Amino acid sequence: MISPMAYSQSETPSGGDNSPGFGKGTNLLSIGLGLGGSYTYFGDGYTSTPNFVLTYDNGTFGNVGPGTISLGALVAYKGISYDYTDFHSGYYYDQKWNYVILGFRSAYHFAIPTMHRFDPYVGVMLAYYDISYRETSSDPEFNVPGNPYYTYYVNNYSSYMAFSLYIGARYFVTNKIGLWLELGYGYSDAAIGVSFKF
C-alpha cells in the first residue's frame, strides 16, 4: 500500500514553501513497492513479483486540530509462482498465487510549522483481500478425481475483508514530488515510493 502525497494549506491548495506537508484540497497519486510480509518466499523454484502499490489521496477535511484528514483508495498486487519437476514421475508442475488488495483508507496528517516539506501521518484502511490460486501440470491425470493428489491440486484460498492500521511519512523534494515510507499493512511489512501532487 502506498500513501498519499500532499503539499498545501486549506487556503492555498497549490502549496508553497510556507504551506504544510499536507492540507485541504491536496490531491496525491502515489506509486511504490512493498517490502517483506507474510507472503514472501525464497528457495529453488520460487519466483515473485514485488508488491506493487498504487494510491490516491485527497485532503478532504482541513483545520482538524493541528492537521488534515485525507480520504483515499489503494490498489496493490503481488504474484508468486513455484515451478518444479517431480523426480520420480518426471511430470512438471506450476503453482501460482495472486494477491490483490482493494482498499478504502483515511489518514490524519500532522502539520509541523517548522518543517513545511515533511508530512507525517497515521491512518486506517478497510480493504478486500483477494487471493487466487492455480496449478497446472504435464501429468495427463492431473485433473482426474481418481488421482490421489487431486484434492491438493484443486485447493482454494479464501478471500476476506479486514481493517488495518498504518503509519507513514513523506518528504517533498519539490512542490510536486515527494518520497514516502509506510509501515504496518497489507501483504507487506513496509512500503516505499514516490508521490505526485496534482
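Start by selecting Tyr-133: in this predicted model its relative accessibility is 13%, and anything under 20% is called buried, so Tyr-133 counts as buried. Color by strand and you'll see Trp-97 in β5 and Tyr-133 in β6, so the pair ties together parts that are 36 residues apart in sequence.

Next stop, Tyr-129 and Tyr-160. Their ring centres are 4.9 Å apart and the planes sit at 5°, so this pair is stacked. Tyr-129 belongs to strand β6 and Tyr-160 to strand β7 (residues 160–172), so parts 31 residues apart in sequence are tied together here. Check the surface: Tyr-129 is buried at 4% relative accessibility, whereas Tyr-160 is partly exposed at 35%.

While you're on rings, select Tyr-46, Tyr-82, Tyr-84 and Tyr-93, which form one aromatic cluster.

Now for the largest nonpolar core. Select its twelve residues: Val-53, Leu-74, Ala-76, Ile-101, Ala-107, Tyr-121, Met-125, Ala-127, Tyr-129, Tyr-166, Trp-180 and Ala-191. Which strands each supply at least two residues of this core? They are β4 (67–85), β5 (92–110) and β6 (118–137), with β6 giving the largest share, four residues. Apart from this core lies another, of five residues, among them Ile-80, Trp-97, Tyr-99 and Tyr-133.

Last, zoom in on Ala-107: leaving aside residues up to four places away in sequence, Ala-107 touches Thr-68, Ile-69, Ser-70, Tyr-121, Val-122, Gly-123 and Tyr-166.

Methods: Residues numbered from 1 in each chain as written. Predicted model: local features only at pLDDT ≥ 70, side-chain atom pairs only at ≥ 80, totals over all residues. Heavy atoms only, no water. Core = buried A, V, L, I, M, F, W, Y, C linked by side-chain atoms within 4.5 Å. Buried < 20%, exposed > 50% of the residue type's maximum accessible area, 1.4 Å probe, protein only. Contact = heavy atoms within 4.5 Å. Phe/Tyr/Trp six-rings, centres within 6.5 Å; stacked < 30°, edge-to-face > 60°.
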